[in-house]
Structure formats: structure tokens, C-alpha cells
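This report concerns the pairing of charged side chains. Please consult the sequence and the structure shown below.

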Amino acid sequence: MAAESGAAPANAFVDIDRVSLRYGARGGDGTLALDGTSIRIEKGEFIAVVGPSGCGKSSLMKLVSGLQRPSAGQVAVAGSVVNGPLKIVGMAFQNATLLPWRTTLDNVLLPLEIVEPHASRYRQNRAQYVEGARALLEQVGLKGFEERYPWQLSGGMQQRSSLCRALIHEPALLMLDEPFAALDAFTREDLWGVLQTLWLAKRPTVILVTHDLREAVYLADTVYVMSARPGRVVSTTRVPFARPRTLDDTFKPEFIEITHHLRDQIAKVRNA
Amino acid sequence: MSDPRLLKLLPWIVLIGFFVAWEAVCRIFAVPVFILPAPTQIWAAFVQYFWPIMGHAWQTLMTTLVGFGIAVAFGLLLGIAVGSSRAVYEALYPLMVGFNAIPKVAVVPILIIWFGIGTVPAIITAFLISFFPIVVNVATGLATIEPELQDVLRSLGASKLQIIWKVGVPRAMPFFFAALKVAITLAFVGSVISETVASNSGVGYLMMAANANLNVPLVFAGLVVLAFLGVALYEVFAFLERRITFWATRGNDIVG
Ligand SMILES: Nc1ncnc2c1ncn2[C@@H]1O[C@H](COP(=O)(O)OP(=O)(O)O)[C@@H](O)[C@H]1O
Ligand SMILES: [Mg+2]
């Protein structure tokens, strides 16, 4: 079932091409976080990146979104080389990073106050944007919590809001850096379903960093395993199952086979 | 012990107890009035000189508020600059710390040379003594924005200015208000110090004049008025803080 990848598509939406990143490189003896990492992602593809802690997964996200420059190699998104923050990205992290002085609704609306073309017409069209934000919140099960402050919500609800904030401007590229890592198992599995539904609705290109192999296989089209630092891709695994996938699917033999395959890859990386 | 009504009454009980003990000590040991007047004698002086005291208190209050107002505006701007720009921080840090180390009392004579005797040196002293905590706190609030939050905003195409305005400034508000409570008290110290040295009005001047006339109860009445003004203004800012930055305490102490 777990097929190793063949040739990458010629016109990838995100093209990470032999990228290296060294932190504090002035003397040349800084931390080499990434070493010749290559990943190609098609438009609308959902990929997951797994690998040991500190192998450079978060750094890879920063490179793709243009928040960091690579020391070598290059990243291209939608056909052009990234050399500054991308402006079309939605992001969510392990901690929800919501603004405590804004209500949940206003937190979700934040990107529309910044991102063009919404920002310049935000004032006139506010009612319409609010309606959109409310609909999105309802979709993730937060109807009735719009006027609450983030600190009045549970961790799972905060992460739902954070997903809404990442998606409200319908970004072409969604970056999720261990978004569910701090949640309990039940909430986490709920949110897999929520994320899958949201993804199916708009089909953004998604890069998900996770430690949870079941999560990776449940959500992704392709799972990349990275080596310990300096990080590079050591295996690429396609997940062929049709969507929508269910939690029951995760206990089927073919699903478990892929998960095991990934676990073996990670074990190899860690013992290397 | 944790009966909420008792907790509310407790400070008043202590306060009244303090004055009663003071009165008792003065009477039992027959302390001369020019050493330590009893609260009743201070009250008598307060009533006797009520209108002059009010006039001087008004002068001190205005001086303090003007100096404090300038400190707030200046401190907020400088704090935002220092907290959001590494270069400004590096450039100004030694100067600011050195400046803060100077005892402001020592500056008053220079201010007199420049501006003569009167309200201006008092306003400037109040300003000088109170702006530093505002700068430091606002800068701290801005400099400690979570890096991930900055990433979220930058990857939406937010400019530095937008990040400061949408996140930095609101985030710095609890720090700002904490600084205001300290700064308003310091501003009082500043204006009164200047008034004692170089003025012909204000509570500081009143106390110096009363001292020269050996009218010690009036000196103490001046002190009590200052304490009262200080507490009142502190409470104003504590109230504003609870209203505006309720989110920083997770809404725990919203009253009513
Ligand atoms: N800003 C930074 N400065 C210096 N070193 C960093 C910085 N960010 C990350 N690193 C180092 O780079 C390596 C990869 O970090 P990161 O990308 O966060 O890994 P991961 O997300 O896979 O856990 C780590 O060794 C980390 O210590
Ligand atoms: Mg990480």
C-alpha cells in the first residue's frame, strides 16, 4: 500500500528545492537546521511533515512562508521565488496565539483587517465579513461563542478559533505547525474531522507538521519523514485513501500498515 | 478571616487605629506640638486654613497633572519607539539609564536658573521624575510580543506599523497602566520637591512657609492633603486599568 514516490510533478505549487538553513551563520559554525531539503507540493495537496524534535520542521515552515531566507537553495511558491513574507498564508501553531483583548469573532476577523484586498474595503463591507466569520465559526462548532474572549474558551475551542483565523481570508497556502499537539486525544480527533471538512470545502494547499502518525495519515495526501538535525527528507509516503476519511478508517488494516511503515522510517532515522 | 465584608473593612479599621494610636501617644507622653502634633491639632489647622490649603492643593494638583500628562505622551511615544526598534533601543538605552540615575532634586536648581521661580520648574520636575517608568514598561510590553503572533501577522503581509498598532500597543496597555500608577505618585513627589525649593505657591511652598513660622500642625495638614491627593489619583488610574485592561487579568477582578 505504502508506495514510495515516483517523479515529482513538473509544475508544483510549492517547490522547496535543495534548501539549507544555518542559524547564526556569521562565523560559519551556527546550527545547521536544514541540509538540502526538497519537497514539491501540488496545488490543493495536503502534505504532512513528521520527524524528530529539532529537525527543522518549524524552520521549513518559515522558509516556505518567506519569514526566513534559506542559506542555500530556494523556495518557489506559485511559480515565483520566495524572497519576503508571502502575504497569502494562513498559519496556526501549537498555542492558539489569539489576542486576549479581542473577542473570538474579532480574533477571526483580524486577517481581513490586514490582508489585501480585504483591508481596504473592510470598513464598508464589515457586515458581510462578520457574516462570513460567523459562518466559519459555526462550521467548527463555535456558534454562540463569538462574543466570548479567548481566555473564556477551552484549549480545543481556542484552537478551533485559531483555525478559523488561519482560514478566514481563504489563503492559497495553509501552514499548521503541530496545531493539535497540546490537546487531549478526543478533542484532537474531533479537530481532525473539522480540519478535513474545512480543507474539502476550499482545497487550500496545506503543510501540516505533526508528531502524531495517525493524524498525518488521516489528513494528508503525502507524508514526508525528516531525519534528525540537520533535517532532510528521508522518505515520502503517499496515502491513497478516498475522502472524507473517518476515524473508523484509522483502524483498518491498510491504514495501520501505512502508519507502521512510517513508524519504521522514524525508528530508522532516530537510530541512525 | 477571609470573610469578604471583614476584608473590605480591614483597611479602614487599620487606618482609624493608626490615628487613634497617634493621638494617644501625643496625649499620654505630652509630645510638644512643634515636634509631633496630634491628629486633632492637625485637623484644627486644616479647618482654620481651609481656603489657603485648597488654593495651594489646586496649584499642586494642576502642576502635577500637567507634568504627568507630558510624561505620559512623551513616555508612550518613546516607549513605542524603544520597544519596537532594536536600533532605537541600543542607541538610547545608556542615555536613558544614566539619566534615570540622576537624582531629580539635583536638577531643580538648574531649572530655577533657566526658568526662574514658579510653576514651570515644578511641571518639568514632575515630568522628569515620572516619564522613565512609562517608557520602560511600554517598551517591555511591545518587545515581548510572541514571535509566533508576529509570524502570523507578517505572513498576512502586515507592516511593522500594523503589527505595532494591532498587537503591540494593546498588548502594552497592562504594562502602561501599571506604570501610570507608579508615575502619578512620582509626579507628585517631583512637583512638591520643586515647590519646596523654588515656588511661591503649591502645597510644597505652603509647608515650607508654615515650617518657617513654626506652624507644625499646618505642615502636617499639608502632608495629609498630599497623601489624600496621591491616593485619589492612584485610584483613578487603578479604576481605568480595571476597565480597559480587564483581559490581562482574565476578567478576574471586574467589579460590578
Ligand atoms: N531563531 C533561531 N536561532 C537559532 N537557532 C534556531 C532558531 N530557531 C530554531 N533553531 C534551531 O534550529 C533547529 C531546528 O529548529 P526547529 O525548526 O524549531 O525544529 P522543529 O520544529 O523540527 O522542532 C533546532 O536545533 C533549533 O535549536
Ligand atoms: Mg517546531
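Which side chain meets A:Asp212 in a salt bridge?

## The A:Asp212 pair

In this predicted model, the partner of A:Asp212 is A:Arg188, with an N to O distance of 3.3 Å. A:Arg188 is partly exposed, at 21% relative accessibility.

## The A:Asp249 pair

A salt bridge also joins the side chains of A:Asp249 and A:Lys252, at 2.8 Å from N to O. A:Asp249 has a relative accessible area of 19% and is therefore buried, since the cut-off is under 20%. A:Lys252, in turn, is partly exposed, with a relative accessibility of 38%.

## The B:Glu146 pair

In chain B, the side chains of B:Glu146 and B:Arg171 form a salt bridge with an N to O distance of 4.0 Å. B:Glu146 lies in the loop between helix 6 (119–143) and helix 7 (147–154), and B:Arg171 lies in helix 8 (residues 160–198); the pair therefore ties together parts of chain B that are 25 residues apart in sequence. B:Glu146 counts as partly exposed at 32% relative accessibility, while B:Arg171 counts as buried at 17%.

## Network and total

Salt bridges also link A:Arg102, A:Glu113 and B:Lys166 in a network. Over all chains, the structure holds 20 salt bridges.

Terms used
Residues are numbered from 1 along each chain as its sequence is written. Chains are lettered from A and ligands numbered from 1 in the order in which they are written. This is a predicted model: local features need pLDDT of at least 70, side-chain atom pairs count only at pLDDT 80 or more; totals for chains, interfaces and linings use all residues. Side-chain values use heavy atoms; hydrogens and water are left out. Buried means under 20% relative accessible area, exposed over 50%, partly exposed in between (1.4 Å probe, protein chains only). Helices (H or I, at least four residues) and strands (E, at least two) are DSSP runs, numbered from the N terminus.
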